[in-house]
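Please keep the sequence and the coordinates in view while reading.

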Amino acid sequence: MSSSTPAPGLSPIADAAPLSLCAREPHVPADRLVAEMVPPPRFDSVRFGTYIPDPNQPSQTEAVRVLEGFAGGLGGAHAPGATKRGFLGFGKARTPKAPAGPRGVYLDGGYGVGKTHLLASLWHATPADPALKAFGTFVELTNLVGALGFQKTVQTLSGHRLLCIDEFELDDPGDTVLVSTLLGKLVDAGVALAATSNTLPGKLGEGRFAAADFLREIQGLSAHFRPLRIDGEDYRHRGLPEAPAPYSDEQVTKAAYATPGASLDDFPHLLDHLARVHPSRYGALTDGLKAVCLTDVSPVPDQSTALRLVVLADRLYDREVPVLASGQPFDRLFSEEMLKGGYRKKYFRAISRLTALARDAKRLVEA
């Protein structure tokens, strides 16, 4: 998994050459997909008390108040009639009667207002054993269905008290129907739901809120969700300095060799490699990494490549892996056409997150 030789004119500074993402082709068993349905490492320690509302956005303070009450209401036993299941939740259990009233909340807001922080805080605040709470992105949930099958996924999750879904993919009609059907089964089993979502293609010019689209796309489930609007600016740039400009190839390479656990890859080669690894394995692709160093960063060539890069950016951000790069700055990764198209919100989220990780990586050069 290591780069073969240092760049010309450089000698290794660390004991071993850097790792390479392009040398990794991880395989992830289904039981790991289930076990990893918890808030990602970046959100291990977040709580409602660590969320700092913008004083100019009262909806943020209100969101905390509502979610704290929602978590408190999930105390006690699971839904009436539920029983604990065996490994992965398999086994027989009585189907409980779903409680009356909304059993879900939908966090509606733009990128960078702290929706994932609040969603993870809700997971932590819900008084239940971690094995009875699940947290994952929409993509991770669809991957779970693909790995276990629909019925086994229903059996696995129906004994849970809470399911949190981050970035519900409204732009994929087929998967939206699949997950909506799954959620219907889980609501019938008494599972509480919480979700955030992206924005439908063609709707981005109408504002960055998506509650109406979300409630319409999940159709019969809409009565089970209370929309909770969260206004605000992208907190990753609120009062923070501009992201550092890209470094030289030599600086990035030296930092990779000087940082134990760092990877070093040529950006175009990495993009090619991502096409050969299923996005469900991008988390495993980053296992053990302390930093990602990239040379020759340049605009992505097409939308399929861009969407794969978005998933990788999410996994790196979740795991707080700093990204040091040479070439073009991250705000030039996506073309003007992409930034005006149906996946615009995803691309801006990726730029925002990679910028935050680039800021974290400054210390690698300064050291």
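Which strands does helix α9 lie across, and at what angle does the helix run to β7? The model in view is a predicted one. In this model, helix α9, formed by residues 267-274, lies across β6 and β7 and runs at about 110° to β7.

The sheet itself deserves attention next. Strands of a sheet pair through backbone hydrogen bonds, and they do so in either a parallel or an antiparallel manner. Here the sheet is open and consists of three strands in the order β6-β7-β8, with parallel pairing. Its edges are formed by β6 (262-266) and β8 (323-327), each of which pairs on one side only. From one strand to the next, the twist averages 15°. Strand β7, residues 291-297, is joined to β8 by four bridges, and the two strands run parallel. Within this pairing, Cys293 stands opposite Leu324 of β8.

Helix α8, residues 249-258, also packs against these strands through its buried residues, which contact β6, β7 and β8 as well as α14 (362-366). The buried residues of α8 are Val252, Thr253, Ala255, Ala256 and Tyr257.

Two helix pairs may now be considered. Packed helices are described by the angle between their axes and by the distance between those axes. Helix α9 packs with helix α11 (residues 303-318) at an angle of about 95°, the axes being 10 Å apart. Because angles of 65 to 115 degrees count as roughly perpendicular, α9 is roughly perpendicular to α11. On the α9 side, the contact is made by Phe267, Leu270, Leu271 and Leu274, while α11 contributes Thr305, Arg308, Leu309 and Leu312. These contact residues comprise six nonpolar, one polar and one charged.

The second pair is formed by helix α2, residues 58-72, and helix α3, residues 115-125, whose axes come within 9 Å and cross at roughly 30°. Since angles under 35 degrees count as roughly parallel, α2 and α3 are therefore roughly parallel to each other. Their crossing is right-handed. Ala63, Val64, Leu67, Phe70 and Ala71 of α2 make the contact with Leu118, Leu122 and Ala125 of α3. The residues of this contact divide into eight nonpolar, no polar and no charged.

Methods
Residues numbered from 1 in each chain as written. Predicted model: local features only at pLDDT ≥ 70, side-chain atom pairs only at ≥ 80, totals over all residues. Heavy atoms only, no water. Pairing = 2+ DSSP bridges. Axes fitted to C-alpha atoms, helices over the stretch in contact; angles between N-to-C directions. Contact = heavy atoms within 4.5 Å. Parallel < 35°, antiparallel > 145°, perpendicular 65-115°, else oblique. Left-handed = near helix turned anticlockwise from the far one by under 90°. Nonpolar A, V, L, I, M, F, W, Y, C, P; charged D, E, K, R; others polar. Buried < 20%, exposed > 50% of the residue type's maximum accessible area, 1.4 Å probe, protein only.
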